[in-house]
Amino acid sequence: MCFVGPSSSHLRLAVAALCVGVATTLSACKPHADSTAQGASRALPADGSLAALPLGDLAGTAKLLAANDVVNPLAGNAGAIEEGHRLFIAMNCAGCHGYDAKGNMGPDLTDAYWRYGGTPSAIYNSIYEGRPQGMPAWGSALPAHDIWEIVAYLQTLGGAVAANEYHAGMQGDHGITSTADEAPGLLVKATAPSSPPQPP
Amino acid sequence: MRAASRLVDSNWPGLLRVAVMVIGLTTHIEAAENDSSAIANFAPNDPPGEWRSQARDFASTRYSPLNQITVDNVKRLRVAWTFSDGVAYGHEGAPLVVGSMMYVVAPFPDVAYALDLSKPGSPIKWTYAPDPAPLAVGKACCDAVIRGWAYARGKLIYNLLDDHTVAVDVQTGKEVWRTKMGNVENGETMTMSPFVVGDKVFVGNSGGELGKIGWLAALDVETGKELWRAYSTGPDDLVKIGADFKPYYGWMQGKDLGVTSWPADMWKTGGGAVWGWISFDPQLNLLYYGTANPSPRVPVQRPGLNFWTSSVFARNPDTGAAKWAYSFTPHDQWDYDGVNENVLLDLRIGGRQRKVLVQFNRNAYAYTIDRETGEVLVAAPFAYENWSSGFDMKSGRAVVRPDKEPKPNVKLEDVCPPDIGGKDWQPSAFSPKTGLLYAGIFNICMDLTDHRQSYIAGTPYDGMEITRQAGPGDHWGEFIAWDPVTGTKAWAIKEKSMTMSGALATAGDLVFYGTVDGWFRAVNDRTGQILWSQKLGSGINAAPMTYLGPDGRQYVAIYAGVGGAAMVAKAMPGFPPRGSTLYVFSLDGDSVATGLEMPQ
């Protein structure tokens with residue numbers, strides 16, 4: 001009795017070359033090896049380079065160990081977006097998130113609400129690693145290139161956070177151009193564990 | 001043109017009286033004259049003031065003999081007390097009342113509460129938190145719901161969303177046993193209400209949308225040990241089809257049809273989940289339950305009749321052996337699950353007294369079926385449908401309209417009913433005083449585009465892209481009174497929003513139901529006149545129930561917490577927010593707290 005929500009967009013009938021049956025190597029479903037004519041010059045981030053990007057905010061004044069502004073090398077690439085859309089249906093993403101990606105079993109991917117971050121790298125990680133409430137980890141089944149294609153498709157749906165808005169997205173300021181950070185003079189350094197705060 | 005059978009038979013009060021005496025219902029039925037001649041066996045004849053199982057009796061009538069609240073005084077119903085469990089998923093079950101205690105179980109994470117009805121405000125006596133795996137939330141096709149819970153021999157028994165059945169001691173709230181029934185990682189979940197007969201509890205699975213094969217299992221009430229499991233597809237030994245199996249129709253007869261009616265090996269991911277209701281006939285010693293849609297939902301991928309999905313089984317509860325089966329929607333192309341409740345009635349039809357089951361199927365036909373043989377006696381649409389051009393009584397099959405068969409990647413407009421059916425799982429009620437069934441139904445159609453699917457374990461094996469709209473008349477819901485003998489509506493109330501709650505019938509000549517836009521109503525069971533309505537805090541998907549409190553007052557209880565398949569309407573303007581409140585009503589709102597200035 002599964003259901004999908006109201007759909008506003010029609011699917012392109014061109015995406016007809018779907019693979020059927022149990023796919024032992026899921027990447028074998030790809031109809032063509034590379035659709036990145038425009039984006040070919042931009043290299044994919046190195047395998048595993050996003051692994052140090054945390055899901056939550058940073059404890060104390062710790063510094064990020066990974067780049068938090070990774071750009072999707074396939075963003076805006078028409079061929080990659082179409083292929084990402086095809087994969088979104090063929091890999092059964094649509095079955096959970098809806099054919100319009102507005103959410104059903106899984107969350108809405110078109111709005112600005114992201115449980116696990118909405119930057120391209122955060123979306124990539126959510127697909128690669130899976131998430132606790134039922135999102136499978138696709139990193140063992142899909143090559144990095146396919147995942148970046150799916151991210152490229154999701155980035156066209158209006159909800160994704162720009163690559164350089166990692167902290168803004170974390171603070172709920174996605175799309176807001178001026179963020180009011182604390183004045184530099186008010187920044188408090190973390191207290192060392194050896195000197196607990198004393199009562200006045 | 002409809003070719004549906006309309007076998008009309010006149011009332012036969014004389015025989016009715018005899019039958020009533022035979023079955024031993026002398027106190028519950030006062031009116032000898034009832035509108036259809038249908039009666040029911042109310043075994044196991046629980047105390048009149050209690051509500052010990054989801055449908056109250058084996059026959060699944062949801063009828064209570066309580067009659068303090070009547071057509072004359074129901075307008076005085078007011079809230080007596082409420083209870084909120086704080087969970088924002090669909091609330092689909094009915095509270096159980098045993099003695100002076102009420103038992104409820106919230107949706108995921110499936111926390112159970114015992115409420116002491118003898119004290120003002122019905123305080124919590126104990127809480128039991130089973131901590132199911134969060135993974136299950138994302139594997140449940142249609143919201144992290146729970147459809148009900150069971151009471152047996154001092155234990156509260158229910159299914160966790162992550163495929164465990166648990167039993168809890170009702171005195172202490174401590175877990176007695178926990179049995180693992182499946183692997184949630186592969187997309188299997190459990191949402192249905194267990195059903196108890198004697199020392200056995202019967203449970204089934206969800207997950208047909210994720211390609212899981214369906215099954216019904218029997219567990220020992222005392223230990224949780226699995227006694228048998230019968231699958232919905234596959235070879236006869238897995239389906240527990242043996243020498244006793246005698247389906248009525250020739251096209252359902254043959255060896256290993258659960259294999260041969262599928263492309264090679266596709267029965268292994270063929271669905272037929274068992275997420276609905278179970279009934280039991282103690283005289284025939286048969287269980288009745290339905291199976292869900294075939295997987296994938298894209299029919300072109302699975303040529304064949306796809307046995308035994310979208311079907312009903314009659315099984316021996318001791319061995320699991322199938323006695324007969326009937327396929328409502330062979331090669332189901334629209335997600336017309338067969339899991340809706342089977343109400344067991346005895347009625348006179350075509351000049352003969354018959355033991356029947358009545359099911360309002362998702363495919364919009366209401367079936368009156370001989371429950372000894374599986375013969376269809378009446379099949380008539382109760383909701384608007386256009387997938388068939390009529391019903392062939394000889395073969396027992398609706399005639400499929402070729403222009404309503406979906407083709408991959410082609411948008412098919414205006415198929416009625418939609419995937420969620422002319423009626424979904426929300427259970428109907430039966431009153432022996434009128435002989436009528438009462439059900440919340442849908443008036444919805446869909447535009448459908450199929451997409452071929454790959455099987456990837458733990459993900460949807462689904463493929464239906466759907467938009468839905470109201471059917472003729474622009475209203476999404478309707479509450480009906482149905483004559484199971486003639487296959488006709490006695491009366492109907494049109495509702496703007498979906499009518500997706502269970503129903504309750506009482507000896508006060510009342511039926512109760514709720515709507516997805518949050519109205520809880522009481523209706524005259526003979527006329528369909530609405531006598532009382534109360535707006536609740538969320539949409540209503542749960543089933544109402546009634547009980548006699550320790551103070552001797554009759555109460556009516558209903559959960560308001562919209563969810564489940566009602567979420568298909570979530571984009572409609574004014575769709576209610578989630579909720580988690582149990583509302584308990586009484587005349588004038590009186591309760592055990594009444595008269596106490598500061599109840600403790």
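The largest nonpolar core in this predicted model has 223 residues, and B:Tyr103, B:Leu345 and B:Val511 have the most contacts inside it. The largest share of that core, seven residues, comes from helix 4 of chain A, residues 144-154. By nonpolar core I mean buried Ala, Val, Leu, Ile, Met, Phe, Trp, Tyr and Cys residues joined through C-beta atoms within 7 Å. Buried means 20 or more other C-beta atoms within 10 Å of the residue's own; exposed is 12 or fewer, partly exposed is in between, and the C-beta atoms are placed from the backbone. Helices (H or I, at least four residues) and strands (E, at least two) are DSSP runs numbered from the N terminus.

Some conventions. Residues are numbered from 1 along each chain as its sequence is written, and chains are lettered from A and ligands numbered from 1 in the order written. As the model is predicted, local features need pLDDT of at least 70 and side-chain atom pairs count only at pLDDT 80 or more, while totals for chains, interfaces and linings use all residues.

Chain B, then. It has three helices and 38 strands, and 62% of its 600 residues count as buried. What does B:Leu345 touch, leaving aside neighbours within four places in sequence? Its contacts (C-beta atoms within 7 Å, placed from the backbone) are B:Ala38, B:Ile39, B:Ala40, B:Val356, B:Val358, B:Phe430 and B:Pro484.

Next, strand 5 of chain B, residues 112-116. Four of its five residues are buried, so the strand is largely enclosed by the rest of the structure. Five bridges join strand 5 of chain B antiparallel to strand 4, residues 101-105; pairing requires at least two DSSP bridges. B:Val105 stands opposite B:Ala112. Strands 4 and 5 of chain B form a hairpin with six residues between them, and B:Asp110 in the turn has a positive phi of about 60 degrees. With strand 6 of chain B, residues 124-128, strand 5 pairs antiparallel over four bridges, and B:Leu115 stands opposite B:Ile124.

Chain B also has an open sheet of five strands, order 1-32-33-34-35, with mixed pairing. Strand 1 (63-64) and strand 35 (530-535) of chain B are at the edges with a single partner strand each, so one side of each has no neighbour in the sheet.

Last, confidence in chain A. Its pLDDT, the predictor's per-residue confidence from 0 to 100, averages 77, and 68% of the residues score at least 70. Over residues 1-25 of chain A pLDDT stays under 50, yet the model has 64 contacts there beyond four places in sequence.

How values were computed
Two residues are in contact if their C-beta atoms, placed from the backbone, lie within 7 Å.
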